[in-house]
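Q: Could you take me through this structure feature by feature, giving the general idea where there is one and then the case at hand?

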Amino acid sequence: MAPITQDTLTPPKVCVVTKNEEHGKLYMGALRRQFDISLFADASQAGDEIAQARPDVILVETEITQGGRIGWLSPDWARFKGKTPSFVFIAKKGEGFGDLMPRFGKGGRYLTWPVSAKSVTDAILDLISGEAEKAWDDLPEKHKKPLKMTVAEYQSISDHIAKGEPIDCNAASDSCAPLAEAVKQGEHHSLLHMVQSHHNYTYVHSMRVATLLTLFGHAIGMKGDDLIILSAGGLLHDVGKMITPPKILDKPGKLSEDEWPIMKNHVIESITLLDRATDLTKGARIIAEQHHEKLDGSGYPLGLKSTELNELARMSVIADIFGALTDRRSYKPAFPSEKAFAILEDMNGAVDQNMLALFKDIFLSTQPEEMSAQLAG
Ligand SMILES: [Fe+2]
Ligand SMILES: [Fe+2]
């Protein structure tokens, strides 16, 4: 398998160049949780330091671009030692981007004041995710295909939702076929790791839950369409989060009493969106509707209890919680699998412990030694 490096698990590096102290504070406040961020006030002095830092993204206010030029940085990209950064350019209101747009094209994002923390963060994440997707082109087919097809499908689902069109569940199933194949070949641990270089968190989480569910299903003997239903159910299980306001969805701290019901409502949103499709499978609907239910009735939205949760619901609860715990977020590192299992084992009464023991055995017995050692270290 491909070497597992820590690169994808360290926060992306962002260099911010602004002469405006107040703007600098705003960028730092908005970006420091998610990125490894350095602030530079003087571009002409900063060039060498920025090149040495080898950032993923450089954020520059256009007033220091010398009329749309960044001669203090380019064109000597060799200084960046093979890692060409992407750019976010921010112009003052009423001022343009000079010749930056024609020169940088899609390699840049162009914002005009006033900017919000969200618009700056989104621009950076968009660039980093684009780079991650480009890097997937160089992976072996067995990894490239499941990643590329599921990310394209997730984008297509998002486009359908934005246009008010029903989700094409058959297309979601088709996009999961290479994923199911990769799981059968034992490539799931690599995929669970590799997908984290993307920065659309809902996609990353959904793809990982799809992978975990497929692994679970395959190991207990599910095949063919049944296995694909499980994969597609995982990919679609949180589509309602595309409706959830990002300030709640991506909130780094605890949600307030007012925010929790909005967060929980993603399940209702998912079901509303999925029920509009003409080709929704029963299995995918159960996964979307019941992955937050608990055996003791403390879950949501239905508050189902014990035998009201069938096998599929119980599997999706485990895959969803385990997937979330082992994901890296802006406010928490990825928990090692052992810690995630310990947390799930503490949820005795809420989570099916027999199924959990089975899943733990499947997951750990297929984990490559190389990865176990790295995660432990
Ligand atoms: Fe959910
Ligand atoms: Fe989820």
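Q: Between which strand and which helix does the loop that holds Pro114 lie?
A: This is a predicted model, and everything below should be read with that in mind. Pro114 is found in the loop that runs between strand E5 (108-112) and helix H4 (117-136).

Q: What is the state of the peptide bond from Trp113 to Pro114?
A: As a general idea, most residues other than glycine have a negative phi, and most peptide bonds are trans. The bond that joins Trp113 to Pro114 is cis, with omega near 0°. The peptide bond from Tyr300 to Pro301 is also cis, its omega being near 5°, and Pro301 belongs to the loop between H13 and helix H14 (311-325).

Q: Which value does phi of Arg54 take, and where is Arg54 placed?
A: Phi of Arg54 is near 50°, a positive value in a residue that is not a glycine. Arg54 sits in the loop between helix H2 (43-53) and strand E3 (57-61), and with a relative accessibility of 30% Arg54 counts as partly exposed. Ser306, likewise not a glycine, has a positive phi of about 25°; its place is in the loop between H13 and H14, and at 38% relative accessibility Ser306 is partly exposed.

Q: Which protein donors does the iron ion (ligand 2) have?
A: They are His205 (NE2), His237 (NE2), Asp238 (OD) and Asp320 (OD), which lie 2.0 to 2.3 Å from the iron ion (ligand 2), and their spacing along the chain is H-x31-H-D-x81-D. This site, too, is irregular, with angles of 83 to 173° among its four donor atoms. His237 is buried, with a relative accessible area of 1%, and for Asp238, also buried, the value is 0%.

Q: How do the axes of H12 and helix H13 (residues 282-290) lie relative to each other?
A: Two packed helices are described by the angle between their axes and the distance between the axes. The axes of H12 and H13 come within 8 Å and cross at roughly 160°, so the two helices are roughly antiparallel to each other. Val267, Ile271, Leu274 and Asp275 of H12 make the contact with Arg285, Ala288 and Glu289 of H13; by class, the contact has four nonpolar, no polar and three charged residues.

Q: Where is Thr281 placed, and how far is Thr281 from Ile229 in space?
A: Thr281 is in the loop between H12 and H13 and is partly exposed, with a relative accessible area of 26%. Although Thr281 and Ile229 are 52 residues apart in sequence, their C-alpha atoms are 7.1 Å apart in space.

Q: Why is H13 described as largely enclosed by the rest of the structure?
A: Seven of the nine residues of H13 are buried, and it is therefore largely enclosed by the rest of the structure. The buried residues of H13 are Gly283, Ala284, Ile286, Ile287, Ala288, Glu289 and Gln290, and what covers them includes helix H8 (201-219), H9, H12 and H14.

Note on methods:
Residues numbered from 1 in each chain as written. Chains lettered and ligands numbered in written order. Predicted model: local features only at pLDDT ≥ 70, side-chain atom pairs only at ≥ 80, totals over all residues. Heavy atoms only, no water. Donors = N, O, S within 2.8 Å, 3.2 Å for Na, K, Ca; no water. Tetrahedral: all angles 85-135°; square planar, octahedral: opposite > 155°, others 65-115°. Buried < 20%, exposed > 50% of the residue type's maximum accessible area, 1.4 Å probe, protein only. Axes fitted to C-alpha atoms, helices over the stretch in contact; angles between N-to-C directions. Helix = DSSP H or I, 4+ residues; strand = E, 2+ residues; numbered from the N terminus. Parallel < 35°, antiparallel > 145°, perpendicular 65-115°, else oblique. Contact = heavy atoms within 4.5 Å. Nonpolar A, V, L, I, M, F, W, Y, C, P; charged D, E, K, R; others polar.
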